Amino acid sequence: MTDSELVAAALEARERAYAPYSHFTVGAALLCSDGSVYGGCNVENAAHAPGTCAERTAFLRAVFDGHRDFTAIAIVGGPAGKPPTAPCAPCGVCRQVMMEFCQPNAFRIILAGNPGQPKSYTLDELLPLGFGPKNLSGNLPDC
């Protein structure tokens with residue numbers, strides 16, 4: 001699947017967002033190593049904290065279906081009812097979820113402010129010195 005196709009899937013997922021408070025809708029499309037794609041959208045809540053991001057929605061759906069090997073995620077977002085115009089990077093909590101399941105130097109995060117011009121980053125680039133499962137097996141970084 002091309003980056004542009006993954007971005008198109010994220011744009012489609014964005015249409016399902018529930019954002020009555022911020023009016024900022026986000027869609028994500030998570031590519032599994034077997035070629036499956038899981039969409040996610042942000043879902044807000046009046047109490048704010050119980051809401052969830054599009055990226056985590058996509059990961060949780062995929063994990064529920066038994067997937068644990070991921071290749072890339074495309075993320076798009078912006079004001080509801082308008083096309084994205086600027087890149088929408090994942091929040092810190094979403095980056096941490098990615099760290100749980102992905103190889104930081106290989107997993108790609110595709111951001112597209114303009115859907116025709118996606119830009120790809122590795123998780124390492126967006127979460128330097130990330131803390132993940134390997135840190136709990138005796139390989140702790142120097143603090």
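Analyst: A residue counts as buried under 20% relative accessible area, as exposed over 50%, and as partly exposed in between (1.4 Å probe, protein chains only). By that rule, 41% of the 143 residues of the protein chain are buried. This is a predicted model, where local features need pLDDT of at least 70 and side-chain atom pairs count only at pLDDT 80 or more, while totals for chains, interfaces and linings use all residues. Residues are numbered from 1 along each chain as its sequence is written, and side-chain values use heavy atoms, with hydrogens and water left out.

User: What does Leu6 touch?

Analyst: Contact means heavy atoms within 4.5 Å. Leaving out residues up to four places away in sequence, Leu6 touches Met1, Ala29, Leu31, Val37, Ala72, Ile73, Ala74 and Ile110. Leu31 is 25 residues from Leu6 along the chain, yet their C-alpha atoms are separated by 7.7 Å.

User: Which helix holds Leu6?

Analyst: Leu6 sits in helix α1, residues 3-14. Helices are DSSP runs of H or I with at least four residues; strands are runs of E with at least two; both are numbered from the N terminus. The protein chain has four helices and five strands. Their order from the N terminus is α-β-β-α-β-α-β-β-α.

User: What makes strand β3 enclosed?

Analyst: Strand β3 covers residues 70-79, and eight of its 10 residues are buried, so the rest of the structure largely encloses it.

User: In which sense do β1 and β3 pair?

Analyst: Two strands pair if DSSP finds at least two bridges between them. Strand β1 (residues 24-32) and β3 have nine bridges, in the antiparallel sense. Phe24 stands opposite Pro79 in β3. On the count of bridges, β4 (residues 108-111) also pairs with β3: there are four, in the parallel sense. Here Ala72 stands opposite Arg108 in β4.

User: Which residues of helix α3 are buried?

Analyst: In α3 (residues 92-101) they are Cys94, Arg95, Val97, Met98 and Met99. These buried residues pack against α2 (54-64), β3, β4 and α4 (123-126).

User: How do you know whether the radius of gyration agrees with a compact globule?

Analyst: The radius is taken over C-alpha atoms, and the globule rule is 2.2 Å times the number of residues to the power 0.38. For 143 residues a compact globule would have a radius near 15 Å; the protein chain has 15 Å, so the two agree.
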